[in-house]
Amino acid sequence: NISSPDLWSGAQLKCFLAQRNVKVSGVVKTGKTPDGARLLANADSKPLVGLITDMLKVSNNYVAEMLIKNLAAESGVVPATLAKGMALFKPYFENHGFKAGSYKFVNPSGFNRDNQLSSKQIGLFLDSMRSKFSVFPEFLVALPIGGVDGTLKNRMKKTSAQGWVRAKTGLPNGVVGLAGYAGHPEGHIFTFSFIYNGPGREDKARDF
């Protein structure tokens, strides 16, 4: 976990500049940009779909949290916190079959024991994405492909599932999860969601 993303980002920038022979004096610190500051450079990020693809393919928890904080900022919430960004999901979930009080979703990276979602609820969310033509193609492309890339690169190889499963993994201690879509040669798409909780051998759950 990165407890101070502002200082972390500044330190990374200073390091990258040093690698390119640009020396920055002083130390990285938190503060406000002075009114008389002069802009030296401006760089646009990748389009949002590119950021989400990078995030999902390799399971980048830091990017997940920063995107949610940015969502809060874009909505006009001040200060833009993780909790306020997560609260923006509640209407969407409850408009797509999530019963109020039946779930807890407090951290987008999944690395939080306070998250409480059932396999059925994850399936409801995945089905809701399938029904949205404006975002589903990009969402599908962003998911790891079984036996091909991302966190599924070394799974399902040389099986009938290779290349036909696009899904997100979840592996906190004691939990094994896999949820996404399976394609069928005749053109059908099946939604699936598996979650294993327990003290047994996690490798057996993954094999299953």
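Student: I'd like to start at one residue. Is R201 buried or exposed?

Tutor: R201 has a relative accessible area of 53%, so it is exposed, since exposed means over 50%. Please keep in mind that this is a predicted model.

Student: Which residue forms a salt bridge with R201?

Tutor: That is D203, with the closest N and O atoms 2.7 Å apart. D203 itself is partly exposed, at a relative accessible area of 28%.

Student: How many salt bridges does the structure hold?

Tutor: There are 4. One of them joins the side chains of D54 and K46, at 2.6 Å from N to O. D54 is partly exposed at 36% relative accessibility, and K46 is partly exposed too, with 45%.

Student: Which parts of the chain does the pair of K57 and D149 link?

Tutor: Distant ones: K57 sits in helix α2 (residues 48-58), while D149 is in the loop between α7 and β1, 92 residues apart. In this salt bridge the closest N and O atoms are 2.8 Å apart. K57 has a relative accessible area of 13%, so K57 is buried.

Student: Let's turn to the sheet. How do strands pair in general?

Tutor: Strands of a sheet pair through backbone hydrogen bonds, either parallel or antiparallel. Here you can find an open sheet of 3 strands in the order β1-β2-β3, with antiparallel pairing.

Student: Why is one side of β1 and of β3 left without a neighbour in the sheet?

Tutor: β1 (165-170) and β3 (189-197) stand at the edges and each has a single partner strand, so one side of each has no neighbour there. From one strand to the next, the twist averages 10°.

Student: Over how many bridges do β2 and β3 pair?

Tutor: Strand β2 (residues 175-183) and β3 pair over 9 bridges, in the antiparallel sense. To see this by eye, look for L178, which stands opposite F194 in β3.

Student: Which helix lies across β2 and β3?

Tutor: Helix α6 (residues 119-130) does, running at about 155° to β3. In α6, the buried residues are Q121, G123, L126, S128 and M129. They pack against α5, α7 (136-142), β2 and β3.

Student: How far does α6 reach from its first C-alpha to its last?

Tutor: Its 12 residues reach 17 Å, close to the 16 Å expected at 1.5 Å a residue. Just after α1, N21 takes a positive phi of about 65°.

Student: And the aromatic rings: how many aromatic pairs does a search of the whole structure find?

Tutor: The search finds 14. Take Y92 and F125: their ring centres are 6.4 Å apart and their planes are at 70°, so the pair is edge-to-face. Y92 belongs to helix α5 (residues 90-94) and F125 to helix α6, 33 residues apart. Y92 is partly exposed at 24%, and F125 is partly exposed at 27%.

Student: What is the geometry of the pair formed by F93 and F98?

Tutor: That pair is stacked, at 4.7 Å centre to centre with 10° between the planes. F93 is buried, with a relative accessible area of 5%, and F98 is buried at 5% as well.

Student: Which residues form one aromatic cluster?

Tutor: The cluster is made of F89, Y92, F93, F98, Y103, F105, F125, F136, F139 and Y181.

Key
Residues are numbered from 1 along each chain as its sequence is written. This is a predicted model: local features need pLDDT of at least 70, side-chain atom pairs count only at pLDDT 80 or more; totals for chains, interfaces and linings use all residues. Side-chain values use heavy atoms; hydrogens and water are left out. Helices (H or I, at least four residues) and strands (E, at least two) are DSSP runs, numbered from the N terminus. Two strands pair if DSSP finds at least two bridges between them. Axes are lines fitted to C-alpha atoms, for helices over the stretch in contact, and angles run from 0 to 180 degrees between N-to-C directions. Contact means heavy atoms within 4.5 Å. Rings of Phe, Tyr and Trp (its six-membered ring) pair if their centres lie within 6.5 Å; planes under 30 degrees apart count as stacked, over 60 as edge-to-face and the rest as tilted. Buried means under 20% relative accessible area, exposed over 50%, partly exposed in between (1.4 Å probe, protein chains only). The expected span of a helix is 1.5 Å times one less than its number of residues.
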